[in-house]
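Please prepare a briefing on the fold of the chain shown below.

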Amino acid sequence: MTLQAESSRNLAFPAEISIPTNVSVHRLVYDESLVEEWTSLLSAEENVRLAEMKHENRRRSFLMGRASLRLMLSALRGVPALDIIIRVEENGSIVSPDTPWHISLAHSGEEAVSVASLQRVGVDLEVVSKRDDDLLGYITHESEFELIDPLPLERQEKLLLCWTAKEAVLKALGTGLRRSPKSVRVIRVDQNPLRMCIKDVEGHAWDIALERRGAYYLAIATPEE
């Protein structure tokens, strides 16, 4: 299910995106006129955290991420966004303990995306921009790049695509980048639609749906069936 957001300037990803059908997705695009409304959705603790953030980009990302997550869970549960409980675990993963859903969120540039599923799920969103080639050795093994290389993309985009896919898996695992991207390996790449299969250190396979939307790459990771 793909949720519809409440503003014409904050649309959910179009239905044709190749996301799993059992994953709900909510996207926000930054809109100065909605900042006050989004802030009103946050808990008292979240507003304290927001006020303590010194950098505007960090404040904006935090606000959009939490607002997107609350709007999505509010729609799924049919309760006010302020009634949603959101907690960050000791390992850094984000949970909503009074719901049955696994959740994940990502923010980059002017956008934020949150996802929910009854199975483990992770999401990453990255602005398409030039990255240091040294990152290639940090995130991939040579055998992985052999699988990615045939994609009809510039080298920098291949690197970013792999980064986005791996971070989505690491978020689904609850570790994020506290675990090395090399700890999970690309074992298959499909081009139509664009998907990857990644294996984690326990040997579990993850299906990653990938999409280029404007200036962003989106990756959603779920356990492979």
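- Arg 195 has Ala 209 in S9 as its bridge partner; strands are DSSP runs of E with at least two residues, helices are DSSP runs of H or I with at least four residues, and both are numbered from the N terminus.
- S8 and S9 run antiparallel and are joined by five bridges; two strands count as paired if DSSP finds at least two bridges between them.
- The hairpin of S8 and S9 has five residues between the strands, and Gly 203 in this hairpin takes a positive phi near 90°.
- S9 and S10 are also antiparallel, with eight bridges joining them, and Leu 210 stands opposite Ala 219 in S10.
- In the hairpin of S9 and S10 there are two residues between the strands, and Gly 214 has a positive phi near 60°.

**Basis of the model**

- The model is predicted: local features need pLDDT of at least 70, side-chain atom pairs count only at pLDDT 80 or more, and totals for chains, interfaces and linings use all residues.
- Residues are numbered from 1 along each chain as its sequence is written, and side-chain values use heavy atoms, with hydrogens and water left out.

**The five-stranded sheet**

- Five strands form an open sheet in the order S6-S10-S9-S8-S7, with antiparallel pairing.
- Its edge strands, strand S6 (122-127) and S7, each pair on one side only.
- Neighbouring strands of this sheet are turned by 20° against each other on average, direction ignored; axes are lines fitted to C-alpha atoms, for helices over the stretch in contact, and angles run from 0 to 180 degrees between N-to-C directions.
- S7 and S8 run antiparallel and are joined by six bridges, and the bridge partner of Arg 185 in S8 is Lys 199.
- H6 packs on this sheet and touches S6, S7, S8, S9 and S10, its direction making about 150° with that of S6; a contact means heavy atoms within 4.5 Å.

**The three-stranded sheet**

- A sheet of three strands is open, has the order S1-S5-S4 and shows antiparallel pairing.
- Strand S1 (24-29) and strand S4 (102-108) are the edge strands, each pairing on one side only.
- The twist from one strand to the next averages 15°.
- Seven bridges link S4 and strand S5 (residues 111-117) in the antiparallel sense, and Ala 106 stands opposite Val 113 in S5.

**Nonpolar cores**

- The largest nonpolar core has 26 residues, and those with the most contacts inside it are Val 169, Met 196, Ile 208 and Leu 210; such a core is a set of buried Ala, Val, Leu, Ile, Met, Phe, Trp, Tyr and Cys residues joined through side-chain atoms within 4.5 Å.
- Two or more residues of this core come from each of helix H6 (155-172), strand S7 (185-191), strand S8 (194-199), strand S9 (205-213) and strand S10 (216-223).
- H6 gives the most to this core, with ten residues.
- Leaving aside residues up to four places away in sequence, Val 169 touches Val 184, Ile 198, Trp 206, Ile 208 and Ala 221.
- A second, separate core of 16 residues includes Leu 41, Leu 42, Leu 50 and Leu 71.
- In soluble globular proteins, nonpolar side chains tend to be buried together.

**Largest pocket**

- The largest pocket holds about 610 Å³ of space; a volume is the space filled by probe spheres set on grid points, which are joined across faces, edges and corners.
- A pocket is an open set of points, on a 1 Å grid over the protein atoms alone, where a 1.4 Å probe fits, with protein on both sides within 12 Å along at least five of seven lines, and lining residues have an atom within 4 Å of a point.
- Of its 29 lining residues, Gly 92, Ser 93, Ile 94, Leu 105 and Lys 171 lie nearest the centre of the largest pocket.
- Helix H3 (56-77), strand S3 (94-95), S4 and H6 are the elements that give two or more residues to the lining, and S4 gives the most, with six residues.

**Burial and contacts**

- The chain has six helices and ten strands.
- Of its 225 residues, 52% are buried; buried means under 20% relative accessible area, exposed over 50%, and partly exposed in between, with a 1.4 Å probe and protein chains only.
- Arg 60 is in helix H3 and counts as buried because its relative accessibility is 18%.
- Not counting residues up to four places away in sequence, Arg 60 touches Tyr 30 and Glu 110.
- Met 53 lies in the loop between helix H2 (44-52) and H3, and is buried at a relative accessible area of 14%.
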